[in-house]
Amino acid sequence: MDDAKTRSRRQILEVAAELLEREGAQALSTRTVAAAAGIRAASLYQLFGDKDGLLSALAIHAFDLYLAEKHTRAPSGDPVDDMRRGWDMHVDFGLKHPAFYLLMYGTDRPGRRPPAARAARELLMTFLDRAAADGRLRVPPALAAHLTLAAVTGVTLSLIGAPESDRGPEVSTRMREALIDTLTTDAGPAPAATLATRALALDATLGDADPATVPLRPVETALLRDWLRQLAH
């Protein structure tokens, strides 16, 4: 895409994002966006196709904003505390940008999600992999990620749908702590670690290790990691 088209596309997305946040998705149409951007509707169709194409692009734009906020926070020395901070940032983003959030995590087409959603999940996995390597996870990181996303999106969507007067902060906090209690174990001396947490820690360490430093053949490493995951269940 040449520079002129890139600039036009960015301008249209900025205008559409402003309309979306001010009036909601139901008020968004290709004609209203084109008029607000000062272009012909045909030009918008050339760049985005139809309204669905525009909404998909807006969802990706929303994930970019979300990830930009996430990346402003450097990891702390405690991966479980990072999970708490990540949860709170997620909920805060949804409440600040409800129309964006509904595009990102609400869908009427099962299995449809913007590609940037994968980047958000990968960012979550970095915290969970660290927690596993530190012996703090009770379940495999992939399962922890699935449970975390299900819980945090459910809480955020329920808060968005509630009147502001009913949005008690304890709802998000209690759900967050219940999930963390289920997924993690307290930091402590190595002898206190359970077999499952030790297995997950070793699996995470093998996953991060340079294959050249592992005294096993790749097939043996894969088999060992499979056994470790079974021990963790």
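**Notes on a helix crossing and an aromatic cluster**

1. Helix 2 and helix 3 cross in a right-handed manner. Keep in mind as you read on that this is a predicted model.

2. On the geometry of that crossing: helix 2 (residues 30–37) packs against helix 3 (residues 41–48) at about 110 degrees, and their axes lie 9 Å apart. That angle makes the two helices roughly perpendicular, because the band for that label runs from 65 to 115 degrees.

3. As for who touches whom, helix 2 brings Thr-30, Val-33 and Ala-34, and these meet Ala-41, Leu-44 and Tyr-45 of helix 3. Sorted by type, the contact residues are five nonpolar and one polar, with no charged ones.

4. Now the rings. There are four aromatic pairs in the structure. One of them is Phe-63 with Tyr-66, an edge-to-face pair with 6.4 Å between centres and 90 degrees between planes. Both sit in helix 4 (residues 51–70), and since they are three residues apart, about one helical turn separates them.

5. Phe-93, like Tyr-66, is buried.

6. Putting the rings together, Phe-63, Tyr-66, Phe-93, Tyr-101 and Tyr-105 are linked by ring pairs into a cluster.

How values were computed: Residues numbered from 1 in each chain as written. Predicted model: local features only at pLDDT ≥ 70, side-chain atom pairs only at ≥ 80, totals over all residues. Heavy atoms only, no water. Axes fitted to C-alpha atoms, helices over the stretch in contact; angles between N-to-C directions. Helix = DSSP H or I, 4+ residues; strand = E, 2+ residues; numbered from the N terminus. Parallel < 35°, antiparallel > 145°, perpendicular 65-115°, else oblique. Left-handed = near helix turned anticlockwise from the far one by under 90°. Contact = heavy atoms within 4.5 Å. Nonpolar A, V, L, I, M, F, W, Y, C, P; charged D, E, K, R; others polar. Phe/Tyr/Trp six-rings, centres within 6.5 Å; stacked < 30°, edge-to-face > 60°. Buried < 20%, exposed > 50% of the residue type's maximum accessible area, 1.4 Å probe, protein only.
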